[in-house]
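Hello,

I am passing a structure on to you, with notes on what was found in it. Please read the notes with the structure open.

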Amino acid sequence: MEEWCQITILQEDKQVAIKCMEGKTLLEAMLRQGVRYRCDCGGRGTCGQCKVQVVSGEPKKSRADVRLLTEEELESGYRLACKAYPGEDIVIRVPVYEEDSMAILSAGHGGTAPPGESRLFYRN
């Protein structure tokens with residue numbers, strides 16, 4: 001039987017709950033359920049653009065986290081969504097990006113946006 005956990009995504013005054021299947025990353029779960037998020041490297045853990053702040057829950061630090069995030073960020077709970085495998089329910093905070101500059105990203109495809117410009121979309 002497949003195991004699932006819940007990901008609660010916080011963004012300013014918005015809150016969305018999605019499900020994540022065991023063995024999938026935060027980013028994979030977000031993309032599969034209509035939450036588009038910046039991942040310039042296509043989820044390979046090389047760009048660092050998909051960082052999120054873990055508010056509740058404890059995904060382990062990946063080698064990519066240690067390589068791309070500062071010690072301060074790691075201590076504050078930041079992780080790369082493409083390398084974070086939640087094993088329990090988790091709450092994450094994501095940044096707000098400029099709305100008019102997002103390149104649409106979809107599961108399995110890396111996309112690009114102008115440097116420093118991207119945004120999160122919640123499906124309606």
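Strand β3 (residues 51–56) pairs with β5 in the antiparallel sense, over three bridges. Here a strand is a DSSP run of E of at least two residues, numbered from the N terminus, and two strands pair if DSSP finds at least two bridges between them. Across this pairing, Gln53 stands opposite Arg93 in β5.

This is a predicted model, in which local features need pLDDT of at least 70, side-chain atom pairs count only at pLDDT 80 or more, and totals for chains, interfaces and linings use all residues. Residues are numbered from 1 along each chain as its sequence is written, and side-chain values use heavy atoms, with hydrogens and water left out.

β5 also pairs with strand β1 (residues 4–11); these two run parallel and are joined by four bridges. There, Ile7 stands opposite Ile90 of β5.

β5 itself covers residues 90–93. Ile90 and Ile92 form its covered face, while Val91 and Arg93 form the uncovered one. In a regular strand, side chains alternate between the two faces of the sheet.

On the cysteines: the count of disulfides is zero, a disulfide being a pair of cysteine sulfur atoms within 2.5 Å. The cysteine sulfur closest to that of Cys5 belongs to Cys20 and is 4.6 Å away, so it is too far for a bond. Cys5 is buried (under 20% relative accessible area; exposed is over 50%, partly exposed in between; 1.4 Å probe, protein chains only), with a value of 6%. Cys20 is buried at 1%.

Regards
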